Amino acid sequence: MTLTTFAADKLPYDAVNFEPIRESDVSREMTRRYMTSLLDAADTDVVIVGAGPAGLMCAYELSKDPSIKVSVIEASVAPGGGAWLGGQLMTPMVVRKPAHLVLDELDVPYDDCGHYVVVSHAALLTATLIARIVRNGVKLFNATAVEDFIVKSGVVVGVATNWALVTKAHGTQNCMDPQTVLAKVIVSSCGHDGPHGATGIKRLHELGMVDSVPGMKALHMEAAEDAIVANTREIVPGMIITGMEVSEACGTNRMGATFGAMIMSGRKAGYLAREKVLAMRVAEASSAPVAAKKAAAAPVATSAKNAVRA
């Protein structure tokens with residue numbers, strides 16, 4: 001069979017004769033490729049729970065090191081969380097400096113307004129991050145929910161997942177068990193409200209791994225953004241919190257419709273996760289199981305310089 005190839009600018013507009021395809025071919029292609037991704041992701045380096053702005057930024061930071069396997073698990077059909085809009089369903093996105101340097105790195109245009117910049121439509125950043133992480137090899141599993149954590153000897157070592165629609169139907173059917181993913185590091189980026197808001201830190205509290213979940217304080221932009229980045233950390237062995245989930249976990253203020261902290265918190269979480277994965281690899285390579293176990297349980301620290309480096 002001879003295939004006719006067109007340059008994009010030569011394609012007709014009025015009528016197009018598509019190449020033939022069988023419906024079963026479509027099914028096989030989708031199923032084989034998706035299931036292959038699931039098999040490959042059963043053991044991974046980092047699982048990011050939630051594909052909002054902080055989760056996407058965390059994935060982007062990690063994707064700079066192609067040796068690190070990263071999976072992002074998002075319960076919604078569309079990744080991006082609240083980063084498709086600014087405030088009150090309006091589309092411009094305000095980003096306080098110095099987070100604009102990350103926009104420069106991603107080639108996202110903006111208007112410079114002095115102490116902050118404004119992206120004309122939030123989709124410019126969100127769509128760029130989604131495209132960049134997928135191109136860089138990050139596995140993105142949307143319409144998939146994390147139902148629980150895998151915890152061994154006080155260390156979070158993985159997640160239990162299910163289709164998001166199955167998760168919502170648990171009260172209507174008999175038991176529909178999840179499947180599992182093991183990871184060296186879990187990053188929880190579940191936000192602060194909505195049906196899946198702060199589910200990571202809330203589950204840790206149910207498990208007795210954290211004493212309390214104080215919840216976020218009232219809106220205060222200047223106080224909130226510095227505090228959220230500063231409190232982005234490994235909150236229990238094996239699990240890092242980032243983004244607005246930090247405000248729920250640590251009782252910081254919320255910042256409303258400004259996105260610098262989401263960018264910088266996600267970036268810091270990616271840095272922390274990468275450093276922990278690399279430390280665990282060194283311990284494992286030394287053929288000392290005890291050392292590897294200690295590396296998994298030990299929190300990773302970062303300097304203020306690393307936390308704000310653009």
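Q: How does Arg28 count, buried or exposed?
A: This is a predicted model, where local features need pLDDT of at least 70, side-chain atom pairs count only at pLDDT 80 or more, and totals for chains, interfaces and linings use all residues. Residues are numbered from 1 along each chain as its sequence is written, and side-chain values use heavy atoms, leaving out hydrogens and water. Buried means under 20% relative accessible area, exposed over 50%, and partly exposed in between, with a 1.4 Å probe and protein chains only. Arg28 has 53% relative accessibility, so Arg28 counts as exposed.

Q: With which residue does Arg28 form a salt bridge?
A: A salt bridge puts a side-chain nitrogen of Lys or Arg within 4 Å of a carboxyl oxygen of Asp or Glu. Helices (H or I, at least four residues) and strands (E, at least two) are DSSP runs numbered from the N terminus. The closest N and O atoms are 3.9 Å apart, and the partner is Asp25.

Q: How many residues apart are Asp45 and Arg281?
A: Their salt bridge has its closest N and O atoms 2.9 Å apart. Asp45 is buried because its relative accessibility is 6%, while Arg281 is partly exposed at 25%. The pair links distant parts of the chain, strand E1 (residues 43-49) and helix H9, and the two residues are 236 residues apart.

Q: Why is helix H2 (residues 53-63) largely enclosed by the rest of the structure, and how many of its residues are buried?
A: The buried residues include Tyr60 and Glu61. Their cover includes E1, strand E2 (70-74), H3, helix H4 (123-135), strand E9 (179-188) and H9. Glu61 is also linked with Lys64, Glu105 and Arg274 in a network of salt bridges. H2 is largely enclosed because the buried count is 11 of the 11 residues.

Q: Which side chain of opposite charge is nearest to Glu248?
A: Glu248 is found in helix H8 (residues 245-250). Its contacts (heavy atoms within 4.5 Å) include His192, Val213 and Met216, not counting residues up to four places away in sequence. Lys and Arg count as positive, Asp and Glu as negative, with His and the chain ends not counted. Glu248 is buried yet has no salt bridge, and the nearest opposite charge, 5.8 Å away, is Lys202.

Q: How do the axes of H7 and H9 run, roughly parallel or roughly antiparallel?
A: The axes of H7 (residues 221-230) and H9 (residues 260-285) come within 9 Å and cross at roughly 10°. Axes are lines fitted to C-alpha atoms, for helices over the stretch in contact, with angles from 0 to 180 degrees between N-to-C directions. Under 35 degrees counts as roughly parallel, over 145 as roughly antiparallel, 65 to 115 as roughly perpendicular and the rest as oblique. The H7 and H9 pair is therefore roughly parallel.

Q: What is the phi of Leu89?
A: Leu89 lies in the loop between E2 and E3. Leu89 counts as exposed because its relative accessibility is 71%. Its phi is positive although the residue is not glycine, at near 65°.
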